[in-house]
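Look at the structure first, then read on.

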Amino acid sequence: MRGVALLGSTGSIGRSTLAVLRRQSAHFRLVALTAGCNRAELEAQAAEWRPEFVGLAEPQVDAAYPSGPDVLVQAVLHPGVDIVVNAVVGTAGLDATLAALRAGKRVALANKETLVMAGDLVSAAARAGEGELVPVDSEHSAVLQCIAGRESGVGRLIITGSGGPFREWGAERLAAASVTEALNHPTWRMGRKITVDSATLANKALELIEAHHLFGLGYDALEVVVHPQSIVHAFVEFCDGSVIAQLAFPSMELPILYALTHPARLPDSGVRRFDPVAAGPLTFEPVRADAFGAFAAGVAAGREGGTAPAVFNAANEIAVAAFLEGCIPFGRISDLIEQALDEHRREPAADVETVRAADRWARSRTRELVR
């Protein structure tokens, strides 16, 4: 019976995690629970699960639970927590990940921004505290499942993406896409921010940067292909040319469960069983990097390293928020990211404060560009 802290319990990953924990209650118990600002749903979850710690990350003066950004670190360091599921969106999840790894805990990471902003610092924290980082993203979970026990022979990773709702759109139509169109993802049901990232393909750039830090490969050994059916989640090519892939119908519950149990597996009946006939033909296409500027900008930032990935991530967050609020057209998202990266003075990501300073600068500058 392993104790779990769930950060971001009211988001799509948080809800899926609770669904997995309901089925696996003989193996895991929920010790700590946090949400951002959704008090009503958090209170309902707390009433069902009765965890030892409940917190709201957004400060609220009349909350029944502790509130403020410090609750994330309090949750992961609470006695009895063995595994931290970090499903927080944005940069708020960084301190909690670092604290958990330094305390020797397993972090099941769904918070892309943690590795994108500060991948080297996260790796150093894991080494120092003997913590363990296990990915929850379906693509990185797929890679992990393919390489388990075969790490020394890995030569290349190919992660897939559906291509989003605008896979076949021309540049003019793409630039004027509406919020409703951007949120109409063809295969996955996710939160609003990550759904827009899937439409711009910024999420695939974030995932390449994550893969670089998770699996220790250079960018020349990392590739993205468009796979509209979202059945194959990753390919791993080994040094002898052999390729292994992980396949499953789209569901975040399978990678969540594997992040909790890795390298072992538990029987589970909650995920649709694979049927190759029902899956139908599987097709693959190259990424149209010329049409999806956010993807190209993110990959370039990853290759550059230092504070560039933090600037890419922060500028993307502000640009996506502005798009969702109706302040800018869809086509302006990539322009804002590129301009922020062009103006930023690069530095080595030597410590958390340097990374946070780059993040703050990029947010401030991108807001100015929006205005």
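Is the crossing of helix 14 and helix 15 left-handed or right-handed? Helix 14 passes helix 15 in a right-handed crossing. A crossing is left-handed if the near helix is turned anticlockwise from the far one by less than a right angle, and right-handed if clockwise.

This is a predicted model, where local features need pLDDT of at least 70, side-chain atom pairs count only at pLDDT 80 or more, and totals for chains, interfaces and linings use all residues. Residues are numbered from 1 along each chain as its sequence is written, and side-chain values use heavy atoms, without hydrogens and water.

**The helix pair**

Helix 14 covers residues 308-324, and helix 15 covers residues 332-343. Helices are DSSP runs (H or I, at least four residues); strands are runs of E, at least two; both are numbered from the N terminus. The two axes come within 9 Å and cross at roughly 150°. Axes are lines fitted to C-alpha atoms, for helices over the stretch in contact, and angles run from 0 to 180 degrees between N-to-C directions.

**A cis bond**

His262 and Pro263 are joined by a cis peptide bond, with omega about 5°. Pro263 sits in the loop between helix 11 (253-261) and helix 12 (276-279).
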